Amino acid sequence: SSGVTHEFTMTCTKDNLLIAIELIRSEKSEVKVNEILASCAKFSDVKPPLAFLIVIPKLNEKAKSFAKSNNITYIESSSIKEASKKLEEILKKWQK
């Protein structure tokens, strides 16, 4: 941890477990690597136990590879509403 204070789109705590969420929206058809670098750097520095990158609409192949290689869970979605449903499903599975 660098000591730098980072802000995420959303954070929450469940049973003393920090969950960090970053939202990236693009008007283009795909989000590129350079558009997720800052979020990935924040996750890498803070190392929250659970971190989610929500991307609207979707990542391109290079960005997917980059996220996977950095162990970042991403959710691709066409809308905030759909993304929140997907996130809720993931968190329910994680709780079990």
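Ser77 is buried, its relative accessible area being 3%, where buried denotes under 20% relative accessible area, exposed over 50% and partly exposed the range in between (1.4 Å probe, protein chains only). The structure is a predicted model, in which local features need pLDDT of at least 70 and side-chain atom pairs count only at pLDDT 80 or more, whereas totals for chains, interfaces and linings use all residues. Residues are numbered from 1 along each chain as its sequence is written, and side-chain values use heavy atoms, with hydrogens and water left out.

Ser77 lies in the loop between β4 (73-76) and α3 (80-95); helices (H or I, at least four residues) and strands (E, at least two) are DSSP runs numbered from the N terminus. Its side chain reaches two backbone atoms, namely the oxygen of Ser79 at 2.9 Å and the nitrogen of Ala83 at 3.0 Å. Such polar contacts are pairs of N or O atoms within 3.5 Å, for which, within protein, one atom must be able to donate a hydrogen and the other to accept it, and residues adjacent in sequence count only if both atoms are side-chain atoms. When neighbours within four places in sequence are left aside, Ser77 is in contact (heavy atoms within 4.5 Å) with Val55, Ile56 and Pro57, as well as with Glu82, Ala83 and Lys86.

Thr73, by comparison, is placed in strand β4 and is partly exposed, with a relative accessible area of 35%. Again leaving aside neighbours within four places in sequence, Thr73 is in contact with Ala51, Phe52 and Leu53. Thr73 and Ile54, separated by 19 residues in sequence, have C-alpha atoms 8.6 Å apart in space.

At the level of the whole protein, three helices and four strands are found, arranged along the sequence in the pattern β-β-α-β-α-β-α. The C-alpha trace spans about 35 × 30 × 20 Å along its principal axes. Of the 96 residues, 35% are buried, and among contacts between residues at least 6 apart in sequence, 54% join residues at least 24 apart. The accessible surface, computed by the Shrake-Rupley method with a 1.4 Å probe, comes to about 6,400 Å², of which 50% belongs to carbon and sulfur atoms.
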